[in-house]
Amino acid sequence: MTTGSVPRRRVPVPEGHAALTAWARTHREDPAAAAALPRTTRATAVRFALEELATRAPGNSVEVRVPPFGVAQCIPGPRHTRGTPPNVVEMDAATWLALAAGLTTWADAVAAGQVRASGVRADLDAHLPLIRP
């Protein structure tokens, strides 16, 4: 994929949006219930949100990792080709989904230690949230 190209989607947009919206609604009412949603719902929501970020901010300079569900490269800038990329953002699924759905802010998640970010481009604040359920 070249910088600026739109990534290929693997999660159909309606299905992914529905999963992310369902997770966000459940989380607002009861965070424990959101954690208990089926793994397939959480996985679909995470993968959709990663694809949505990569679609809205295409590029290869930042790698966003949400183990064990997925990874995306985004944000224009220098492309890495070997080893660990210089700009990496990593977090758990619940944090990523809360950021994607606008239920927490980038600054709050970073301050709480929920996000591990390294590199000068590893700031997703300008690209979040992805939906407003």
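Which helices and strands do the buried residues of helix 4 pack against? They pack against helix 1 (13–29), helix 3 (39–56), strand 1 (62–66), strand 3 (88–91), helix 5 (106–111) and strand 4 (115–118). Keep in mind that this is a predicted model.

**Helix 4 and its ends**

- Helix 4 covers residues 93–100, and seven of its eight residues are buried, so the rest of the structure largely encloses it.
- Those buried residues are Ala 93, Thr 95, Trp 96, Leu 97, Ala 98, Leu 99 and Ala 100.
- Just past helix 4 you'll find Gly 102, which takes a positive phi of about 75°.

**A closer look at Ala 100**

- Ala 100 sits in helix 4 and is buried, with a relative accessible area of 0%.
- Setting aside residues up to four places away in sequence, Ala 100 touches Leu 20, Ala 49, Leu 128, Pro 129, Leu 130 and Ile 131.
- Ala 100 and Arg 121 are 21 residues apart along the chain, and their C-alpha atoms are separated by 18 Å.

**How helix 3 meets helix 4**

- The axes of helix 3 and helix 4 come within 10 Å and cross at roughly 55°, which makes helix 3 oblique to helix 4.
- The crossing of helix 3 past helix 4 is left-handed.
- On the helix 3 side, the contact is made by Arg 42, Ala 45, Val 46, Ala 49, Leu 50 and Leu 53.
- Helix 4 brings Ala 93, Trp 96, Leu 97 and Ala 100 to that contact.

**The nonpolar core**

- The largest nonpolar core has 40 residues, and Leu 20, Val 64, Val 89, Trp 96 and Leu 124 touch the most other members.
- Helix 1, helix 3, strand 1, strand 2 (70–74), strand 3, helix 4 and helix 5 are the elements that give two or more residues to this core.
- Helix 3 gives the most, with eight residues.
- As a general point, nonpolar side chains tend to be buried together in soluble globular proteins.
- Leu 20 is in contact with Ala 45, Phe 48, Ala 49, Leu 97, Ala 100, Ala 101 and Ile 131, if you leave aside its neighbours within four places in sequence.

**Polar side chains that meet at Gln 73**

- Asn 60 lies in the loop between helix 3 and strand 1, and is buried at a relative accessible area of 2%.
- The side chain of Asn 60 makes a polar contact of 2.9 Å with the side chain of Gln 73.
- Glu 63, in strand 1, has 12% relative accessibility and so counts as buried.
- Glu 63 also pairs with Gln 73, through a side-chain polar contact of 3.3 Å.

**Arg 56 in helix 3**

- Arg 56 belongs to helix 3 and counts as partly exposed, at 46% relative accessibility.
- Beyond its neighbours within four places in sequence, Arg 56 is in contact with Pro 129 and Leu 130.
- The side chain of Arg 56 reaches the backbone oxygen of Leu 130 at 2.8 Å.
- Arg 56 and Leu 37 are 19 residues apart along the chain, with their C-alpha atoms separated by 27 Å.

Notes. Residues numbered from 1 in each chain as written. Predicted model: local features only at pLDDT ≥ 70, side-chain atom pairs only at ≥ 80, totals over all residues. Heavy atoms only, no water. Buried < 20%, exposed > 50% of the residue type's maximum accessible area, 1.4 Å probe, protein only. Helix = DSSP H or I, 4+ residues; strand = E, 2+ residues; numbered from the N terminus. Contact = heavy atoms within 4.5 Å. Core = buried A, V, L, I, M, F, W, Y, C linked by side-chain atoms within 4.5 Å. Polar contact = N/O pair within 3.5 Å; in protein donor to acceptor, adjacent residues only side chain to side chain. Axes fitted to C-alpha atoms, helices over the stretch in contact; angles between N-to-C directions. Parallel < 35°, antiparallel > 145°, perpendicular 65-115°, else oblique. Left-handed = near helix turned anticlockwise from the far one by under 90°.
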